[in-house]
Amino acid sequence: MNRSLRRHSRDWEDLGDLDPCWAILAYPERRFGRWDHDELFRSGEAEIARLMVDIQRLGYPVRRERALDFGCGVGRLTRALAPHFRHCHGVDVSAPMIVAAGKLNAEFSNCQFVLNGHPDLRIFPDGHFDLIYSVLVLQHLPTRAAIAAYVADFARVLAPGGLLVCQIPSHIPLRRRLQPRRRLYGILRSLGVGPRVLYHRLGLFPMRMTSLPEQNVHALLTAAGARVLEARADAMASTAIDSRTYYVTKPEGPAGQREPA
Ligand SMILES: C[S@@+](CC[C@H](N)C(=O)[O-])C[C@H]1O[C@@H](n2cnc3c(N)ncnc32)[C@H](O)[C@@H]1O
């Protein structure tokens with residue numbers, strides 16, 4: 001693991017310890033442990049219900065064996081995928097998130113939560129997942145290159161006829177890029193100040209925002225043999241961050257053959 005990914009994992013381990021539910025859905029009024037689990041999980045069910053409408057409309061994925069929720073946090077979305085896919089895998093870089101996901105979703109026997117500290121998805125074989133879903137995750141990676149590496153690997157582990165849905169900011173205005181609370185958190189943390197003091201007393205937290213322009217995403221998915229079906233402006237637009245959700249498939253067999261009817 002390189003230095004920047006190590007620091008990034010430590011940040012998410014801290015967040016997973018400090019306030020896991022707020023860290024995955026950072027509504028200001030829910031900070032400091034104020035999320036009600038049922039309410040949090042209902043938000044995941046509503047989001048996956050909208051995804052299932054898109055799946056119906058797009059005609060992908062053609063099979064519903066295996067789903068990957070990349071950056072699963074406490075499993076808000078993994079558990080909501082459970083009624084729709086035979087096996088659901090939540091993957092996260094943060095050990096406390098994976099532990100919380102296992103505890104909070106113990107009754108979902110077809111959900112499995114896996115820690116992955118690699119800068120890619122090497123733990124999974126090619127063409128493994130019919131659905132890959134990832135929202136509010138890639139935007140927090142430390143560099144554009146890190147986002148690009150995961151997106152290219154999404155295309156590798158996506159099954160032919162599968163559907164990849166991933167959200168990535170395409171542009172972040174300068175004032176949102178400065179992130180003084182995150183920078184100060186990093187400096188004080190490396191000087192030995194504990195995460196609890198930084199978060200609870202000083203109001204600092206280590207969440208960063210990174211973007212990847214839309215044309216870069218198209219180029220790298222096309223180079224990886226995938227096909228972008230749609231790139232839609234998403235709800236992040238209301239935060240002054242220009243963001244896209246990409247709906248992507250991978251052709252079955254030789255180009256263009258065995259596409260769904
Ligand atoms: C804002 S939360 C969103 C969680 C979930 N997608 C949801 O919407 O409920 C971001 C999650 O991504 C995870 N994450 C960040 N970087 C990651 C990486 N490189 N690989 C896997 N998970 C990562 C964090 O630990 C955190 O749980």
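What follows is a short chat about a predicted model and its ligand.

Biologist: Which residues come nearest to the ligand?

Modeller: The model is predicted, to be clear. Of the 20 residues around the ligand, the nearest are His8, Gly71, Arg76, Asp92 and Val135.

Biologist: How many of the shell residues are nonpolar, polar and charged?

Modeller: The shell has 13 nonpolar residues, five polar ones and two charged ones.

Biologist: What does the side chain of Asp92 lie 2.5 Å from?

Modeller: An oxygen atom of the ligand, with the distance taken to an N or O atom in the Asp92 side chain.

Biologist: And which backbone atoms lie by a nitrogen atom of the ligand?

Modeller: Gly71 has a backbone N or O atom 2.8 Å from a ligand nitrogen. Val93 also has a backbone N or O atom by a ligand nitrogen, at 3.2 Å.

Biologist: How much of the ligand does the protein bury?

Modeller: The protein buries 99% of the 590 Å² that the ligand exposes when taken alone.

Biologist: Which elements give two or more residues to that shell?

Modeller: Those are α1, residues 3–18, and α2, residues 20–24.

Biologist: Let's stay with α1. Why does its length agree with what a helix should span?

Modeller: Because 16 residues at 1.5 Å a residue should span 22 Å, and the end C-alpha atoms of α1 are 22 Å apart.

Biologist: What happens at the start of α1?

Modeller: A side-chain oxygen of Asn2 comes within 3.2 Å of the backbone nitrogen of Ser4.

Biologist: Which residues of α1 are buried?

Modeller: Leu5, His8, Ser9, Asp11, Trp12, Asp14, Leu15, Gly16 and Leu18. His8 is also one of the residues that come nearest to the ligand.

Biologist: What do the buried residues of α1 pack against?

Modeller: They pack against α2, α5, α6, α8 and α9.

Biologist: Switching to α6, then. How many residues does it have, and how far does it reach?

Modeller: Helix α6 covers residues 144–157, which is 14 residues, and reaches 20 Å from first C-alpha to last, close to the expected 20 Å. Its buried residues include Ala146, Ile147, Tyr150 and Phe154.

Biologist: What covers them?

Modeller: The cover for the buried residues of α6 includes α1, the strands β1, β4 and β5, and α10.

Biologist: Last one: what is buried in α5?

Modeller: Pro96, Met97, Ile98, Ala100 and Ala101 are buried there. The buried residues of α5 pack against α1, α2, β2 and β3.

Technical notes. Residues are numbered from 1 along each chain as its sequence is written. This is a predicted model: local features need pLDDT of at least 70, side-chain atom pairs count only at pLDDT 80 or more; totals for chains, interfaces and linings use all residues. Side-chain values use heavy atoms; hydrogens and water are left out. A residue is near a molecule or strand if one of its heavy atoms lies within 4 Å of it. A polar contact is a pair of N or O atoms within 3.5 Å; within protein, one must be able to donate a hydrogen and the other to accept it, and residues adjacent in sequence count only if both atoms are side-chain atoms. Accessible areas come from the Shrake-Rupley method with a 1.4 Å probe; for residues, only the protein chains shown count as cover. Helices (H or I, at least four residues) and strands (E, at least two) are DSSP runs, numbered from the N terminus. Ala, Val, Leu, Ile, Met, Phe, Trp, Tyr, Cys and Pro count as nonpolar, Asp, Glu, Lys and Arg as charged, and the others, Gly among them, as polar. The expected span of a helix is 1.5 Å times one less than its number of residues. Buried means under 20% relative accessible area, exposed over 50%, partly exposed in between (1.4 Å probe, protein chains only). Contact means heavy atoms within 4.5 Å.
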